[in-house]
Amino acid sequence: MVTCSAPGKMILFGEHAVVFGKPALALAINLRITSTVKGANQYSVNGHPMKKRHHMYISAALDEAWGGPPINIDTSSEIPSGSGLGSSAAVTVSCVGAMMAHRGGLEPEKIALKSFLVENKVQGRASPTDTSTSTHGQGIIVSPEKVDNFLWRIENGQRCWNIHHCEVPRLHFVVGYTRIHASTGPLVAGVKRLVDSSPEAVRAIDRIGEIVLEGVDAMAHSDKKRLGELMDENHTLLNSIQVGHPELDRLVEACRPFSYGAKLTGAGGGGSMIALTDNPSAVAKAIKETGSEPIIVDVGVEGVRLEDEGTTRK
Ligand code: PMV
């Protein structure tokens, strides 16, 4: 029996544009998914027979990273699903990690690659941002070029992404979770249609790419004011490529008086927003007053790891 856990993530800058080969900056957050793999008579998930259409990520993870006898996979999650906080990546990375550890050892680069292939297969089109953040933890920069602090490279057909470690300074973020479920696949497909037909959308994607690079620089200098300005601009651009939601705008507005900046995070269309602040409790209160769920998160936490069975399972 092997137990692994992996963190969720927030995308600070660059969601959607990263699918088109632009850079992105993502941070691991202290909400985790834990998966335990153990021998069984039939393939099952949380004690129920495994069904491909119900357990899409887990069954794709089995295809990618297992090939052994039947197993049961037990999962427990602290990450709301469809929240934009990387629950599908964390379930995939923790399962792939547990399967690989069961057969030998934890090799982050292999886990990141296999987990990307799983997400890409289930979602139809994906970047490795979520799965590499969940694997490495801390912070990652995805970019088309290889630069300092290189970790690994992920290729898929014509596209390739270089994954780098990003040092995360002490920053306080609050997540506002709208409880509006949004599926990443259709949102990504919608942006592709827009980019294929609208020069403004192409310009928005290009500008988001520049924001990421300016954001990396602001992170390196712990420049919260600049980070906040860039978050605000990134949010406006995400609205312009039609992945916003009125509820996300309401939350962003409610947080602004107490924040350096705020933006939607992840695929959008619902899900979550994030605010950078020195006053997490004031931001959390403002989010609560709008009827959404505030989550004060730590960022830059550890990536995929083996857990000691019995101490971590709930
Ligand atoms: O829905 P999430 O939080 O998994 O974020 C998806 C991020 C996108 O850039 C929209 C897609 C991707 O695969 O990078």
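Is the crossing in which helix 6 passes helix 7 left-handed or right-handed? The views below come from a predicted model, and the first one holds the reply.

**View 1. Helix 6 meets helix 7.** Helix 6 passes helix 7 in a left-handed crossing. Helix 6 covers residues 199-220 and helix 7 covers residues 224-240, and the two pack at an angle of about 165 degrees with their axes 10 Å apart. Because of that angle, helix 6 is roughly antiparallel to helix 7. On the helix 6 side, look for Ala204, Arg207, Ile208, Ile211, Glu214, Gly215, Ala218 and Met219. Their partners on helix 7 are Arg226, Leu227, Leu230, Glu233, Asn234, Leu237, Leu238 and Ser240. Sorted by type, the residues of this contact are 9 nonpolar, 3 polar and 4 charged.

**View 2. Helix 5 meets helix 6.** Here the axes of helix 5 (residues 184-197) and helix 6 come within 5 Å and cross at roughly 115 degrees. Helix 5 is therefore roughly perpendicular to helix 6. This crossing is left-handed. The contact of helix 5 with helix 6 has 7 nonpolar residues, 1 polar residue and no charged ones.

View 3. A disulfide is a covalent bond between the sulfur atoms of two cysteines. Searching the whole structure turns up 0 disulfides. Cys4 is in none, and the nearest cysteine sulfur, belonging to Cys95, is 9.3 Å away. Cys4 is buried, with a relative accessible area of 0%. Cys255 is buried too, with a relative accessible area of 0%.

Terms used. Residues are numbered from 1 along each chain as its sequence is written. This is a predicted model: local features need pLDDT of at least 70, side-chain atom pairs count only at pLDDT 80 or more; totals for chains, interfaces and linings use all residues. Side-chain values use heavy atoms; hydrogens and water are left out. Axes are lines fitted to C-alpha atoms, for helices over the stretch in contact, and angles run from 0 to 180 degrees between N-to-C directions. Helices (H or I, at least four residues) and strands (E, at least two) are DSSP runs, numbered from the N terminus. Angles under 35 degrees count as roughly parallel, over 145 as roughly antiparallel, 65 to 115 as roughly perpendicular and the rest as oblique. A crossing is left-handed if the near helix is turned anticlockwise from the far one by less than a right angle, and right-handed if clockwise. Contact means heavy atoms within 4.5 Å. Ala, Val, Leu, Ile, Met, Phe, Trp, Tyr, Cys and Pro count as nonpolar, Asp, Glu, Lys and Arg as charged, and the others, Gly among them, as polar. A disulfide is a pair of cysteine sulfur atoms within 2.5 Å. Buried means under 20% relative accessible area, exposed over 50%, partly exposed in between (1.4 Å probe, protein chains only).
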